[in-house]
Amino acid sequence: MSKYYSIRNFSKILGVTPQTLRNWDKSGKLRPHHTTQSGYRYYSSEQLANITNVQGIDRITIGYCRVSSYKQKDDLERQVDNMHTYLLAQGKPFRIIQDIGSGINYHNKGLVELIHLINDNLVEKLVVLYKDRLLRFGFELVEEIAKLHNCKVEIIDHTEKTEQQELVEDLVQIITVFSCKLQGKRAHKAKKLVEELLNDKDN
């Protein structure tokens, strides 16, 4: 299914001004996919794909780094440093996106931005240090979305290095979400389990 962009968004993606697109429309160089009765121009995702191929617009590499909480900010900085060193050696344009949030949160700001960039055909390759840095669950779904847009996904280290503290925090979040939907004894049991997990993490 096609995605449609306003003239403002389309010009931003291409790195040109809206007036340039208006001029291209008048000259016949690039017609919008359709124009509304109010005169607003809209362009399709197919047009974007064709233009990026014809004009050779650079698709960049994105390095994605994530930790679960602000307590792990030092670890995030190490991830970013390692990612920067790795991508710099590749000799291609790149950008690093950082997130501080649970690996089961699909609304992390950086993750949402990453998916939009992939969907707009602006990412040639996605690089993560470890598979679970992208998502704790659902990595394969993002990988499939990337494939649909000819974006490669590279995992630098395939060694399972799940930190116990982060795993506990993710489990706590899962249980907390479900406990909000429970009542009575079941809710009490869920809350008790959260407390036990938190106590084990601190010990």
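Modeller: Just after helix 2, Gly28 adopts a positive phi of about 90°. The model is a predicted one, and the values that follow were computed from it. Helix 2 itself spans residues 18-27, and its buried residues are Leu21, Trp24 and Asp25. Viewed down the axis of helix 2, these buried residues fall within an arc of 100°, so they line one face of the helix. An α-helix has 3.6 residues a turn, so residues three or four places apart point the same way. On the face of helix 2 turned away from the buried side are the exposed residues Lys26 and Ser27.

Three strands form an open sheet in the order 1-3-2, with antiparallel pairing. Strand 1 (4-6) and strand 2 (34-35) are the edge strands, each with a single partner strand, so one side of each lacks a neighbour in the sheet. In general, strands of a sheet pair through backbone hydrogen bonds, either parallel or antiparallel. Here strand 1 and strand 3 (residues 41-44) are joined in the antiparallel sense over three bridges, and Tyr4 stands opposite Ser44 in strand 3. Helix 1 (residues 7-14) packs on this sheet, where it touches strand 1 and strand 3; the direction of helix 1 makes about 95° with that of strand 1.

Against this background, a search of the whole structure finds two aromatic pairs. In one of them, the ring centres of Tyr5 and Phe10 are 5.9 Å apart and the ring planes stand at 45°, so the pair is tilted. Tyr5 and Phe10 are both buried. In the pair of Phe10 and Tyr43, the ring centres lie 4.5 Å apart and the planes are at 5°; because planes under 30 degrees apart count as stacked, this pair is stacked.

Taken together, the ring pairs link Tyr5, Phe10 and Tyr43 into a cluster. Phe10 takes part in the tilted pair with Tyr5 and in the stacked pair with Tyr43.

Technical notes:
Residues numbered from 1 in each chain as written. Predicted model: local features only at pLDDT ≥ 70, side-chain atom pairs only at ≥ 80, totals over all residues. Heavy atoms only, no water. Pairing = 2+ DSSP bridges. Helix = DSSP H or I, 4+ residues; strand = E, 2+ residues; numbered from the N terminus. Contact = heavy atoms within 4.5 Å. Axes fitted to C-alpha atoms, helices over the stretch in contact; angles between N-to-C directions. Buried < 20%, exposed > 50% of the residue type's maximum accessible area, 1.4 Å probe, protein only. Arc of directions from axis to C-beta. Phe/Tyr/Trp six-rings, centres within 6.5 Å; stacked < 30°, edge-to-face > 60°.
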